[in-house]
Amino acid sequence: MDQWQVIPRNGRTTPTIATGHQPTLWHPGILAKDLAAIAVARHLDGSALHIVVDYDTLGPPILDLPAIDGSRLRADRYALGAPSSTMTRPANSLPAIDIDEAAHRLRQWSAMHVPESVAAGLTLIADAYQEAGHSRPNQAAQTTAVIDAMRRPLVGDLSIRNASTIVTQHFVDRLLDSPVACATAYNRAALTYPEAGIRPLYVGRDSVELPLWAQHTSDRTPVFADLGDSKPELFTQGQDLDISRPDALQHLRPRAITLSAIMRSEHCDLFIHGTGGGVYDRVTERWWQDWTGEGLAPKAVVSADVYLPFDVPVATRTEYEHAQWYAHHLPHNIDRYIQASNEAEAALIEEKRRVLDQMNDDRDHRRRAKAFQRIHAINAELRQQHGAMHDAANQQAEEARIGIGNAAVAMRRDWCFALYPDQVLQDLADQIRSCFPASPR
């Protein structure tokens, strides 16, 4: 921790540690970012902030649930809200889902084939919707309130801000001062790190695309700068955006790396990403440095692999292949895996080995055929005497076959964090807090 250098910027006297995500029922890896932000803020006597990307295109809240049927594990997908044509609309333009209907569905699902600990998590989610989800203006606000209610016992009070409010006049002025340089640097950075999947901006003779969205109603549309006049102006799909109007900024939304750049240049002193954000933020840093010549507040990457406990067979590909081989191999070689329990059995084992040795030197096909018959007869007699061993090998092979199918579900780390046992989440919280002891001041 002595190597950390988080220095307050823009006149702040104490550091702000920020992180964020879309308003979905997210997994423990996202919870780990909030836990880390709180822990670092406490260590540095600062404050923590969670940014909600409330204008991301989402549909009704989705829950993937594990279900156990006998020894088989599967994942079922359920929608809390009614599926409709809203699947590609920004979350802050989607109507809040019906609370009573959502709670009813959650309690219905808890009575199905889900493990007992997961059923308890469904009850927790249902309670959170009924306690926190009422009177919310849209789905983004509703899901944010529900998530906040569920994480508060682990995280405590955490400041929340919507990313739709993050674009500042200062940032827009910078864009309009050098729109071509901005877009050119953006495209160069995107091409430098193609693994980030950032789409380049359009750069034309009379207009240039800027790294913003415009959201007037329920749609997000690209934003351009008109280069026809001496002073560039913003427009989108034929509409001018009069940036001098008091409400103009209310319609502007940052794209992914733009959000990170605004946060790290204006609103925080350390930004905590997940693994995906850590990849695309290399584009952010290259773009910002090339365009402005300035640095950004530091970033960190935090995630966690947390797994649900399942009482079902789970097998790797190697274990499955070995179990299948052993079940096929054992009936013909059972004498190699047993110790004779009596003189008659010892005599059979010795006879088989003697016949095999003689076959190696005998080229008479009739005698070899009789030898094979005798070996098969000995194997059959030994199998009969050790049937439990043979049955166990077949059972192991069947469990491995089922286990290889279960493994893909058992190793998932992206269930909603509320579905995990309390102790599992508490252990995660304690592990993260232990890395950042509280400030002695």
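At what angle do helix H3 (residues 116-132) and helix H4 (residues 139-155) pack, and how far apart are their axes? In this predicted model, the angle between H3 and H4 is about 120 degrees, and their axes lie 9 Å apart. H3 is therefore oblique to H4. The crossing of these two helices, H3 and H4, is right-handed.

The residues that form this contact can be listed for each helix. H3 contributes Leu-124, Ile-125, Ala-128, Tyr-129 and Ala-132, while H4 contributes Gln-142, Thr-143, Ala-145, Val-146, Ala-149 and Met-150.

Helix H9 (residues 317-329) and H12 have axes that come within 8 Å and cross at roughly 150 degrees. Because angles over 145 degrees count as roughly antiparallel, H9 is described as roughly antiparallel to H12. The crossing of H9 and H12 is left-handed.

On the H9 side, the contact involves Arg-317, Glu-319, Tyr-320, Ala-323, Gln-324, Tyr-326 and Ala-327. On the H12 side, the residues they meet are Met-389, Ala-393, Asn-394, Gln-396, Ala-397, Ala-400, Arg-401 and Ile-404. The residues of the contact of H9 with H12 divide into 9 nonpolar, 3 polar and 3 charged.

Gly-405 belongs to helix H12, which spans residues 387-410. The relative accessible area of Gly-405 is 43%, so this residue is classed as partly exposed. How far apart are the C-alpha atoms of Gly-405 and Arg-317? They are separated by 9.9 Å, although the two residues are 88 residues apart along the chain. Arg-317 is also one of the H9 residues in the contact with H12.

The cysteines are the last topic. How many disulfides are there in the model? The count is 0, where a pair of cysteine sulfur atoms would have to lie within 2.5 Å to qualify. Cys-182 is in no disulfide, and the nearest cysteine sulfur to it, that of Cys-268, is 19 Å away.

Is Cys-182 buried or exposed? Its relative accessibility is 0%, so Cys-182 counts as buried. Cys-435 has a relative accessibility of 45% and therefore counts as partly exposed.

Definitions and conventions: Residues are numbered from 1 along each chain as its sequence is written. This is a predicted model: local features need pLDDT of at least 70, side-chain atom pairs count only at pLDDT 80 or more; totals for chains, interfaces and linings use all residues. Side-chain values use heavy atoms; hydrogens and water are left out. Axes are lines fitted to C-alpha atoms, for helices over the stretch in contact, and angles run from 0 to 180 degrees between N-to-C directions. Helices (H or I, at least four residues) and strands (E, at least two) are DSSP runs, numbered from the N terminus. Angles under 35 degrees count as roughly parallel, over 145 as roughly antiparallel, 65 to 115 as roughly perpendicular and the rest as oblique. A crossing is left-handed if the near helix is turned anticlockwise from the far one by less than a right angle, and right-handed if clockwise. Contact means heavy atoms within 4.5 Å. Buried means under 20% relative accessible area, exposed over 50%, partly exposed in between (1.4 Å probe, protein chains only). Ala, Val, Leu, Ile, Met, Phe, Trp, Tyr, Cys and Pro count as nonpolar, Asp, Glu, Lys and Arg as charged, and the others, Gly among them, as polar.
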